[in-house]
Amino acid sequence: MKLTAEMLEFIKKDALERFLRYVKINTTSNEESGTNPSSKNQFELTNLLKDELRSLGVDVVVDEFCYLYATLPASDGVKAPPISFIAHIDTSPAVSGENVKPVIHRNYNGGEIRFPDDPGLVLSPKDSPELLEFIGQDIITASGTTLLGADDKAGIAAIMTMAAVFKKFSQLKHPEIRICFTPDEEIGAGTAKIDISKLGKIGYTFDGGMIGEIENECFDAMGAKIKFTGLNVHPGYAKNKMINAAGIAARFYAMLPEYETPERTEVREGFFHLLKISGDESEAVLQFIIRDFEHARNEKRAELLNSLKDFFEKKYPGLKIDVEIKEQYRNFKEVLDKTPEVTDFAIKAIEMAGIKPIRRAIRGGTDGARLSFMGIPTPNVFAGGLLFHSKKEWIPVVAFEKAVEVGINICSLWAEK
Ligand SMILES: [Zn+2]
């Protein structure tokens, strides 16, 4: 069913108001705390969302780990499986999220955007060419000293407004909806304490960037730790005796292909990324992350590390190298490909909202990938923000209504199936 002018007007106003309210609450996660949630302040937004859902008449709980679960029963006669809509509460610890003051720049003219609290800071199409697609429209940024938090409060606002729309306009058909807001996504712990029995059979995270984006691929990820055990001897009398672990570790790293590093790769290219090098003559350690979209290509990288181990151990008798390789996460495309409708409906929903879908492969991980491997196929849909994790983070106001429309369209496609 097509959205009426009244519905669109409601969506526009409701989503913007929610977004402006949510970004003002500090929800920075904390990599160091070791607790769940990683920071207590995330409860402030989660509890507010709980109250707001309750006042809409939606069943909702917040657990001790700061996960919010809410259920909207299916419309009469709709038999599709329950769908989860997922977004994250926290913002990146990379930039302060304290005292965020959203600024609406009306009628963007295509030039530079300045920030009231930092006159030296400039946002322009040089930083973000996508700005040029929103000339004449309203853009929201922070005030110059913090991030904005559109990642992922734009996703939260879209899902909240969608719930409000379904409550207000019961003629819009939808399957059972299971909303889930998670803490700590930005520090890789968004699914750490998730109760998947409370989620639907399929899911959509609203945590992508540019309007139109749909992501159904992410990196295949491994970690490698290589330990070199050498032998230290007085350097004046070391000939044919010393085995310098630190020096050999440096030579080992130098044997890896220089063009396969994060700073030399993009799009679908993979890499070795040296995270840390430490050591002395007796012992040295190289720590890597290994990334690609193809698992087989990462296995080749693991083989290369093992063959270099053999080579160096032969070259330096007495040297010992331990190679430890761990799988971190997998590309979720292999799961999503088994139920292509989940992604296809999202693409169709984007087209129904009058937008051209942009398929992207995430050069990183996503909670959707973890959920997919837990049995809930979950592609990632745009939330509309750009330049995440920076003081220049921005979002066009139109993104909110488009994300809500896409959510509603996804529901109607499943309801009509
Ligand atoms: Zn995010």
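The protein chain has 417 residues, for which a compact globule would have a radius of gyration near 22 Å; the value for this chain is 24 Å, which agrees. The radius of gyration is taken over C-alpha atoms, and the globule rule is 2.2 Å times the number of residues to the power 0.38. This is a predicted model, in which local features need pLDDT of at least 70 and side-chain atom pairs count only at pLDDT 80 or more, while totals for chains, interfaces and linings use all residues. Residues are numbered from 1 along each chain as its sequence is written.

Along its principal axes, the C-alpha trace spans about 85 × 50 × 40 Å. The chain holds nine helices and 17 strands; helices (H or I, at least four residues) and strands (E, at least two) are DSSP runs, numbered from the N terminus. Buried residues account for 44% of the 417. A residue is buried if 20 or more other C-beta atoms lie within 10 Å of its own, exposed if 12 or fewer, and partly exposed in between, with C-beta atoms placed from the backbone. Of the contacts between residues at least 6 apart in sequence, 79% join residues at least 24 apart. Here two residues are in contact if their C-beta atoms, placed from the backbone, lie within 7 Å.

The domain assignment divides the chain into domain 1 (5-218 + 331-416) and domain 2 (220-328); such bounds come from an automatic or database domain assignment. The centres of domain 1 and domain 2, taken over C-alpha atoms, are 39 Å apart. Contact between the two involves four residues of domain 1 and five residues of domain 2.

The largest nonpolar core has 102 residues, and those with the most contacts inside it are A154, A158, I159, A163 and A403. A nonpolar core is a set of buried Ala, Val, Leu, Ile, Met, Phe, Trp, Tyr and Cys residues joined through C-beta atoms within 7 Å. Helix α3 (residues 150-168) gives the most to this core, with twelve residues. Because domain 1 (5-218 + 331-416) and domain 2 (220-328) both give residues to the core, it lies between them. In soluble globular proteins, nonpolar side chains tend to be buried together. Leaving out residues up to four places away in sequence, A403 touches A154, A158, F206, F382, A383 and G384.

One of these partners, F206, has V381 in β16 as its bridge partner. Strand β9 (residues 202-208) is mostly covered, with seven of its seven residues buried. Strand β9 pairs with strand β16 (residues 380-382) in the parallel sense over three bridges. Strand β3 (residues 83-88) is also joined to β9, by four bridges, and these two run parallel. In this pairing I83 has I202 in β9 as its bridge partner. Throughout, two strands pair if DSSP finds at least two bridges between them.

An open sheet of four strands has the order β12-β13-β11-β14, with antiparallel pairing. Its edge strands, β12 (271-279) and β14 (320-329), each pair on one side only. The twist averages 15° from one strand to the next. Axes are lines fitted to C-alpha atoms, for helices over the stretch in contact, and angles run from 0 to 180 degrees between N-to-C directions. Eight bridges join β12 to the antiparallel strand β13 (residues 283-292), and I277 stands opposite L286 in β13. Helix α4 (residues 245-254) packs on the sheet and touches β11 (220-229), β12 and β13; its direction makes about 20° with that of β13. Helix α5 (residues 295-315) lies across β11, β12, β13 and β14, and runs at about 170° to β14.

A further open sheet has three strands in the order β4-β7-β17, with antiparallel pairing. Here the edge strands are β4 (103-105) and β17 (394-396), each of which pairs on one side only. Neighbouring strands of this sheet are turned by 25° against each other on average, direction ignored. Strand β7 (residues 139-141) is joined to β17 by three bridges in an antiparallel arrangement, with T141 opposite W394 in β17.

Helix α2 (residues 42-55) contains R54. R54 is exposed because 12 other C-beta atoms lie within 10 Å. From R54 to S143 is 89 residues in sequence and 32 Å in space, C-alpha to C-alpha.
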